[in-house]
Amino acid sequence: MSTELPEPTVAPAEGPPTAPSRRTFIATSTAVGGTVMAGGLVTGTSVLGSEEAMAAEVSPTTRVSLTVNGHRHTVTVDNRTSLLDLLREHLGLTGSKKGCNAGACGACTVLVDGRRVNSCLTLAVRLEGAEVTTIEGLAKGDRLHPLQEAFIHQDALQCGYCTPGQIMSGVACIQEGHTGSPEEIREWMSGNICRCGCYVKIVRAVEQATGRK
């Protein structure tokens, strides 16, 4: 029987910590950074969405009273509402058309206190007490306005989309006294675009309404 004692197991001495390799360092940093970045993006989107929702809930509104085609209306609208949207969405007057919505085509032309304006660029909240006339307000019962009759007689339309704005602009052109010649009519109605190209007949219709044709 052996009397030798087993040699004690000795753990290897700990050496200095091994520095991570360049590849390991980059991989670790990218993973951690990506997690933080992704978390930031998720959190940022959530916060941004909450702020937009809160802003939508507290959008300022104003109570506006104005006369449209001889009828008094009092409505509460978002302060960003255009006259065009007030007419179409709140009052159901869809004769005024939304074309470019940037004031470049004239399809939305109406009269405000007798002066023509692009209703898509006019804020409704600025029209307290104003008198607005749209295409629906030109006729007197079954009797059309002379310019409406002239447009029919001269066949001054094709698709008809721009026609309400053309007629309203033509009415203002006549009231302003800018109908001395075809060239003058074209100049003062140049803000109204007809994509069907009915300009010659439109000018003739304005001339007819003034009694020159």
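Visitor: What makes up the chain in terms of helices and strands?

Guide: Six helices and five strands, and keep in mind that this is a predicted model. Starting at the N terminus, the elements go α-β-β-α-β-β-β-α-α-α-α. Of the 213 residues in the chain, 31% are buried.

Visitor: Which residues meet where α3 and α6 touch?

Guide: From α3 you have Pro146, Leu147, Ala150, Phe151 and His153, and from α6 there are Ile202, Ala205, Val206, Gln208 and Ala209. Sort the residues of that contact and you get eight nonpolar, two polar and no charged.

Visitor: Which residues of α6 are buried?

Guide: Within residues 199-209, they are Ile202, Val203, Ala205, Val206 and Glu207. The helices they pack against are α3 (146-153), α4 (163-175) and α5 (182-188). Just past the end of α6, glycine 211 has a positive phi of about 90°.

Visitor: How do you know that isoleucine 185 is buried?

Guide: Its relative accessibility is 0%. Buried means under 20%, so isoleucine 185 qualifies. This residue lies in helix α5. Setting aside neighbours within four places in sequence, isoleucine 185 is in contact with His178, Thr179, Val203, Val206, Glu207 and Arg212. Val203, Val206 and Glu207 are among the buried residues of α6. There's also a C-alpha separation of 8.3 Å between isoleucine 185 and glycine 170, which sit 15 residues apart along the chain.

Visitor: Why is asparagine 101 called partly exposed?

Guide: Its relative accessible area is 41%. Buried would need under 20% and exposed over 50%, so asparagine 101 falls in between. You'll find asparagine 101 in the loop between α2 (83-90) and β3 (109-112). Its phi is near 60°, a positive value in a residue other than glycine.

Visitor: What makes aspartate 155 buried, exposed or partly exposed?

Guide: At 44% relative accessibility, aspartate 155 sits between the cut-offs of 20% and 50%, so partly exposed it is. Aspartate 155 is in the loop between α3 and α4, and its phi is positive too, near 55°.

Visitor: How do you know that β1 and β2 pair, and in which sense?

Guide: Pairing takes at least two bridges, and β1 (residues 61-68) and β2 (residues 71-78) have eight, in the antiparallel sense. Threonine 62 is opposite valine 77 in β2. Two residues lie between the strands of this hairpin, where asparagine 69 takes a positive phi near 55°.

Visitor: What makes β1 and β5 a pair?

Guide: Here there are two bridges between β1 and β5 (residues 131-133). The rule asks for at least two, so they pair. The sense is parallel, with valine 68 opposite valine 132 in β5.

How values were computed:
Residues are numbered from 1 along each chain as its sequence is written. This is a predicted model: local features need pLDDT of at least 70, side-chain atom pairs count only at pLDDT 80 or more; totals for chains, interfaces and linings use all residues. Side-chain values use heavy atoms; hydrogens and water are left out. Buried means under 20% relative accessible area, exposed over 50%, partly exposed in between (1.4 Å probe, protein chains only). Helices (H or I, at least four residues) and strands (E, at least two) are DSSP runs, numbered from the N terminus. Contact means heavy atoms within 4.5 Å. Ala, Val, Leu, Ile, Met, Phe, Trp, Tyr, Cys and Pro count as nonpolar, Asp, Glu, Lys and Arg as charged, and the others, Gly among them, as polar.
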